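Hi,

Here is the structure I promised to pass on.

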Amino acid sequence: MNFEDSKKIAEKALQEVNPRSLNKSLFNMANAYNRVADNSIELLFSSGNADFAAPVIMCKSFSIELLLKFFIAFNEHAKTYNELNKKVELKRHKYTDLFDKIPEEFKKIIVKHFSQISKKEMTVNNFRNSLIDIGNDPFVKWRYIYEEKETNHLNFELFDIIVKSLGLSGEEILKEKDF
């Protein structure tokens, strides 16, 4: 398939998409990146090719970042990203910077889901520390992993629990209302 054919298919698909809110867009994109990461995990294990680890981490990292931004957008009732960015600085990747901007009521929902999934009691502060434990800024670090001088490791189980707890929390909030 050539570029023009791909462009036509993409344009047709976009015309068929129902307009959605910024909240839904952020949430759906986060879900898409997480699904791509899960597919890459399958490739990692089925092929034994460790080169798939960085794309897994990149996609899951970006999923977490988008989900954190989702909670901020939901709280601000912004219609567009530009409108949101005028209210709150979001052109960052650092998880704790984003998490600190999320309202306490949403943080409690996130912690509740984390506790249910991990079967460990969690506090808001401990969840924030968990974001630091997975690297706090893995999107930047793993994007340039080839520049690292040493082997790097990541707690995939914690990483996955964080993504799932954020996703379930987002679903719960979206059920209540979408702006």
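This is a predicted model: local features need pLDDT of at least 70, side-chain atom pairs count only at pLDDT 80 or more; totals for chains, interfaces and linings use all residues.

**The pocket**

The one I looked at is the second largest pocket, with a volume of about 150 Å³. Three helices each give at least two residues to its lining: α2 (22-47), α3 (53-76) and α9 (156-176). Of these, α9 supplies the largest share, at five residues. If you want to click through the lining, go to Phe27, Ala30, Asn31, Asn34, Ser63, Leu67, Val163, Lys164, Gly167, Leu168 and Glu171. By class, that lining splits into five nonpolar, four polar and two charged residues.

On the α6 side, the contact is made by Glu104, Lys107, Ile110, Val111 and Phe114, while α7 brings Val124, Phe127 and Ser130. Sorted by class, this contact has five nonpolar residues, one polar and two charged.

**The aromatic rings**

Searching the whole structure turned up eight aromatic pairs. One of them is Phe71 with Phe106, a tilted pair with 6.1 Å centre to centre and 50° between the planes. This pair links distant parts of the chain, as Phe71 sits in helix α3 and Phe106 in helix α6, 35 residues apart.

That's it from me for now.

Cheers

Note on methods. Residues are numbered from 1 along each chain as its sequence is written. Side-chain values use heavy atoms; hydrogens and water are left out. On a 1 Å grid over the protein atoms alone, a cavity is a set of points where a 1.4 Å probe fits but cannot get out, and a pocket is an open set with protein on both sides within 12 Å along at least five of seven lines; lining residues have an atom within 4 Å of a point. Grid points are joined across faces, edges and corners, and a volume is the space filled by probe spheres set on the points. Helices (H or I, at least four residues) and strands (E, at least two) are DSSP runs, numbered from the N terminus. Ala, Val, Leu, Ile, Met, Phe, Trp, Tyr, Cys and Pro count as nonpolar, Asp, Glu, Lys and Arg as charged, and the others, Gly among them, as polar. Contact means heavy atoms within 4.5 Å. Rings of Phe, Tyr and Trp (its six-membered ring) pair if their centres lie within 6.5 Å; planes under 30 degrees apart count as stacked, over 60 as edge-to-face and the rest as tilted.
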